[in-house]
Amino acid sequence: MTTAPIRWPAEALWEAVSPLLPGFTVEILPTIDSTNTELMRRARAGQCEPTLLVAEAQTAGRGRLGRTWHSGEAGDEGTPNAGLPSLMMSLGLPMAPKDWSGLSLAVGVSVAESLQPVLPPLGAGQPARVGLKWPNDLWLGGDPLGDRKLGGILVETASFVAPQTTREASPSGSAARYVVIGIGINVLPRDGEGMSMPPGSLQDVEPGLDAPGALARIVPPLVAMLQSFEGYGFAPMQPRFAARDVLQGRAVTLSDGHTGTAHGVGEDGALLVHTAGGMQAVTSSEISVRPTGMPRV
């Protein structure tokens, strides 16, 4: 039995976003190596238009620090796992914020709030809570199954200034750079064999929510947030990140071997960790953080 055609809301997304991003296009591809890689290739070739690229399958998906993003395999129509197992998308656009700090955190806040606008109370029988693990992971928690990874975010910027003809003058007055924001989310339950952390899925949050439905919820608010970020940075998002911060108050281990207790994030998006040597602001993208006793993810 074959899978049913996926009905993507491409036209509706274009209608919602194009007034905010002139020249915006939506592309749906059946398969590609990586949506982020493709948009970065285009940017290097001078194609810096605002673009949403969605793939139904990826052969070389990437995560933070060069890790592989496993997209899983689609199930047959009529089976419990019918449909796309993952949402795989990248949004590319020129941006010129006053301060780039905390961009991946702000993206995480926007995505988490789109998927679950109100956090459910803790307790038996409640759906899993969509939380955020610094700096770029979506986690599920708050239920008996414990912490599970729902998805990840990979933000990349081109190493050149985007052509100024691709956008109007920025609020900050600075030159624009092309930014690619990759988002991968587990839609259907999947086997966690070989993974460093058990996977969660959107079905744990809202049964019946599929990849096209999640895409429709995520993209318009994300674009609006990015335009706000250009003018105001991460600081206004800090309290909203704190509401979903899964590391808050937990013992953590840094990849450099130091241990401490996480105390939220600063207005610049730095993770604050109280160590034996005092409060440390963790900002390096090359540092990995995990709750003590858990595998690194």
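**Helices and hairpins**

Tutor: Let's begin with helix 3: 12 of its 13 residues are buried, so helix 3 is largely enclosed by the rest of the structure. Buried means under 20% relative accessible area, exposed over 50% and partly exposed in between, with a 1.4 Å probe and protein chains only. This is a predicted model, where local features need pLDDT of at least 70 and side-chain atom pairs count only at pLDDT 80 or more, while totals for chains, interfaces and linings use all residues. Residues are numbered from 1 along each chain as its sequence is written, and side-chain values use heavy atoms, leaving out hydrogens and water.

Student: Which residues of helix 3 are buried?
Tutor: Among them are Leu103, Val107, Val111 and Leu115. Helices here are DSSP runs of H or I with at least four residues, strands are E runs of at least two, and both are numbered from the N terminus.

Student: What do the buried residues of helix 4 pack against?
Tutor: They pack against helix 1 (10–17), strand 2 (51–55), strand 3 (86–95), helix 3 (103–115) and strand 7 (177–186). Contact means heavy atoms within 4.5 Å. The buried residues of helix 4 include Leu215, Ile218, Leu222 and Phe229.

Student: And what happens at the start of helix 4?
Tutor: There, a side-chain oxygen of Asp210 comes within 2.9 Å of the backbone nitrogen of Gly213. A polar contact is a pair of N or O atoms within 3.5 Å; within protein, one must be able to donate a hydrogen and the other to accept it, and residues adjacent in sequence count only if both atoms are side-chain atoms. After helix 4 comes Gly233, with a positive phi near 70°.

Student: New topic: is Asn136 buried or exposed?
Tutor: Asn136 counts as buried because its relative accessibility is 8%. Asn136 sits in the loop between strand 4 (129–133) and strand 5 (137–141), and a polar atom of its side chain is 2.6 Å from the backbone oxygen of Ile153.

Student: How many bridges join strand 9 to strand 10?
Tutor: Four, and the two strands run antiparallel. Strands pair if DSSP finds at least two bridges between them. Five residues separate strand 9 and strand 10 in their hairpin, and Gly269 in the turn has a positive phi of about 90°.

Student: Which residues are on the covered face of strand 10?
Tutor: Leu271, Val273 and Thr275, while Leu272 and His274 are on the uncovered face. In a regular strand, side chains alternate between the two faces of the sheet.
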